[in-house]
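Hi,

Here is the structure I promised to pass on.

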Amino acid sequence: MRGRLQKGTNLMDLFEEESRCNKQKLVQVYLRLKPCTIPSNLYEVRGDRYLITSLDTTAAGNGRKTQRPVSKMYTFSHIFTEAVSQTEIFDHVVKDNLKKLPEGQSFTLLTYGASGSGKTFTLMGNVASPGLVPRSLEYLFNNVKVQMHPVYKPAEKGFDSLSNSSQEYELLFVKRLRTSSASLRDKYRRMSSQLRTDLSGSALNLSKSKHYVWISFIEIYNEGIYDLLAGSHHRAAKLVIREDKKGNVYVVGATQAFVRSGEEAYDVMVAGKHNLQVAATGVHAQSSRSHCIFTITMLTEDDGRIVTSCVRLCDLAGTERARRTRNTGARMKESRAINTSLHVLERCLHSLRRKQAVANRAVVPYRESKLTRLLGAGLSGTRGESVTVVITLNPSPEYADETRHVLQLAAVAKDLQINNTVSDDLSSRESSTHDLNNSVCAELMKLRSCNERLNVELLQSQNFIKKMTALVVEKKATNAATTRELVDLEKESSRQFYAPQIEALKREIKELREKYEEIISDLKEKIGPKGIKINQLMTEIATLKEKLTTRELACARAEEEIQYLRACIEERDGIEDVSNDYMSITESDSDEEQYELCNESLEPTFKKEDIKRTRLLRQSLVIDDNNETDNVLRNWMTR
Ligand SMILES: Nc1ncnc2c1ncn2[C@@H]1O[C@H](COP(=O)(O)OP(=O)(O)OP(=O)(O)O)[C@@H](O)[C@H]1O
């Protein structure tokens, strides 16, 4: 499933869950990311199922094409990130399917991705990390009772019983094949201890049945099918595809090798791999130039009944951009053939999806390439095969262009249903013309069942919408409650946060107050007697001030008197030396003596009262500072 990036993956999960319930089993599409040293922000893995890409997309506007980054979300059955081991991938992707093999349930696994993204690594691996092929072999041979003589051999119509001489021939043939790959043979032995550790504890427990295991290995190169087990001249003869009336597709004449152990099977496969056309390209030095399909066929004999099933492990050649590979000549031709067959695969998947979605009779173009002809029956679901696609992705930004194409195909494959009831056109195309009435009736029946299915889907969708609406309402209510709680919490937390600070401040203030009160009382104690003295001095100062004021008033009065006397003296024109005479008047002189003295020197108008007044004046001035008074008088006299 692919869609624009949306918020709320929970809703997405719910929706997916709902769709899963509505649909039948889907093609399993896994994503494996290759470890990458260059950091890239083009891809983001969310959870273990969602990939968000920010790849450039061409947009046409105003007559011009522009590149702009678009976020897209792709859903996978599971995403294996860079750190995930081969063991985990085997356990997740292959193991359960192998368990169903003896029951007649076939399984096809495709690795698909850009060149150099890790398809071959995922299938074959290396000595340190064996891939899905050696693991599948080890798992099978460790868990089933494999027969040592090839009594039954897979054939077009199911199986053939072999004569003793034929059995001998088959055993010899495998021995010969193994000799041809002797130089490459010890690889499995080096891997096997690792494999045994990884696979320990897993058992199929099928001791009652007898199993005959055969393997075949073919490649599709430049739209020709070749037998990789046919020796070094395998390209000399092309194989042909045959299809029976039931829609089963066979490669006629493909070598089947009878194997009795994982090691034997692996050696045969290595011999075949040696024949693979591997050539250097600009992208990947060991690039696969063909699609190759490794098939393990198992004939299970149980109570005289033979059941045939197979595991097909397909390593598809990588999509290639001619611009980047810089291929020319033969390489260019190979590249074109690879891209064409992959393009047909993509179209087939698209048509199948449409066909399954609307139950129509659209023709799926399986026949347009050898690859789709061979895989078609499995993908269409008519044979009840389980199909798994492992998309390998190199997150390095330079592979972004190829990756976008790969993801498009992955998105389509993810939506395909398998084991569905929609009839496939493989057989219908071969069948003779239908009776019109029958076909109309069949069409009507189909339409009715389709209608019923749609009604059910409608009901389910309505239920889903109801559930969603209820969920939204619930979420809104929860949100409101949460907001209220948050506000309360904020208040509470701020109160709790400041309360201790306020308490601390109050305590501090109290302590300071007590401290300063102590200091003040200490000071008061210390300045106690001095304080009383100061108070006394202040009182004295006040008394002195009062006295001064009184003296000032007296002075003022005296001045007035003096003014008056002066005026009187000035009136006595002609009288001289008054001042000297007057100065001779002393305190000791009696009023009479003074009067006499005055009489002698002054005009008769200078009255006795004046003398008295002058004396009074003198007295008032002489308080405690005679000198000052004298000075005042002296000043007055000398004026
Ligand atoms: N998950 C991985 N971990 C470690 N190494 C890897 C991984 N995937 C790929 N490689 C390494 O990257 C290189 C290319 O990988 P591989 O040969 O599997 O690419 P491919 O997709 O099969 O390419 P082509 O389609 O061109 O054959 C190999 O050297 C392989 O060991």
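Below is what turned up when I went through the salt bridges.

First, some housekeeping: this is a predicted model, where local features need pLDDT of at least 70, side-chain atom pairs count only at pLDDT 80 or more, and totals for chains, interfaces and linings use all residues. Residues are numbered from 1 along each chain as its sequence is written, and side-chain values use heavy atoms, leaving out hydrogens and water.

The structure has twelve salt bridges (a side-chain nitrogen of Lys or Arg within 4 Å of a carboxyl oxygen of Asp or Glu). In one of them, Arg 178 meets Glu 264 at 3.8 Å, N to O. Arg 178 sits in helix H5 (residues 164–180) and Glu 264 in helix H7 (residues 262–274), so this pair ties together parts 86 residues apart in sequence. Helices here are DSSP runs of H or I, at least four residues, numbered from the N terminus.

Arg 178 also forms a salt bridge with Asp 267, with the closest N and O atoms 2.7 Å apart. That pair again links helix H5 to helix H7, 89 residues apart. Both Arg 178 and Asp 267 are buried (under 20% relative accessible area; exposed is over 50%, partly exposed in between, with a 1.4 Å probe and protein chains only).

Elsewhere, Arg 347 and Glu 368 pair up at 2.8 Å, N to O. Arg 347 is partly exposed at 32% relative accessible area, and Glu 368 is partly exposed at 46%.

Finally, shared partners join Arg 178, Arg 260, Glu 263, Glu 264 and Asp 267 into one salt-bridge network.

Cheers

Notes. Helix = DSSP H or I, 4+ residues; strand = E, 2+ residues; numbered from the N terminus.
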